[in-house]
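This briefing is meant for a reader meeting the structure for the first time. Please look over the sequence and the model below before turning to the notes.

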Amino acid sequence: MSHRHDCPLFYNADFIRVLLIQGKYHKLLGSVDHFMKTASVFPNLPGQIYTYIFAVAANERLC
């Protein structure tokens, strides 16, 4: 697999992390479906795992 196909995974992971750091928890959680669809375009389990981890972290911060 070339790096071109990995780019959406890393862009999403970076964007999700930025949302988490900036405290934009609602925006992150509202975008989870989009991130999961993007991660599933190329069968890439780490993209889905990162999305779930960041979503759990956002939920924890909201509670």
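The model shown here is predicted. Phe35 has a relative accessibility of 3%, and since buried means under 20%, Phe35 counts as buried.

**The aromatic pair**

- A search that covers the whole structure finds one aromatic pair, and this pair is edge-to-face because the rings of Phe15 and Phe35 have their centres 6.0 Å apart and their planes at 65°.
- The pair connects distant parts of the chain, with Phe15 in helix H1 (residues 3-21) and Phe35 in helix H3, 20 residues apart.
- Whereas Phe35 is buried at 3% relative accessibility, Phe15 has 39% and therefore counts as partly exposed.

**Val32 in helix H3**

- Val32 belongs to helix H3, which spans residues 32-41, and with a relative accessibility of 14% Val32 counts as buried.
- When residues up to four places away in sequence are not counted, Val32 touches Thr51 and Ala55.
- Between Val32 and Ile16 there is a separation of 16 residues in sequence, while in space the two are 8.9 Å apart from C-alpha to C-alpha.

**A nonpolar patch on the surface**

- Leu45, Ile49, Tyr50 and Ile53 make up a nonpolar surface patch, and together they have about 390 Å² of accessible area.
- Leu45, one of the residues in this patch, lies in helix H4 (residues 45-62), and its relative accessibility of 54% means that Leu45 counts as exposed.

Technical notes: Residues numbered from 1 in each chain as written. Predicted model: local features only at pLDDT ≥ 70, side-chain atom pairs only at ≥ 80, totals over all residues. Heavy atoms only, no water. Patch = residues over 30% accessible without salt bridge, like charges linked within 9 Å, V, L, I, M, F, W, Y side chains within 5 Å. Areas by Shrake-Rupley, 256 points an atom, 1.4 Å probe, with all protein chains shown as cover. Salt bridge = Lys/Arg side-chain N within 4 Å of Asp/Glu carboxyl O. Helix = DSSP H or I, 4+ residues; strand = E, 2+ residues; numbered from the N terminus. Buried < 20%, exposed > 50% of the residue type's maximum accessible area, 1.4 Å probe, protein only. Contact = heavy atoms within 4.5 Å. Phe/Tyr/Trp six-rings, centres within 6.5 Å; stacked < 30°, edge-to-face > 60°.
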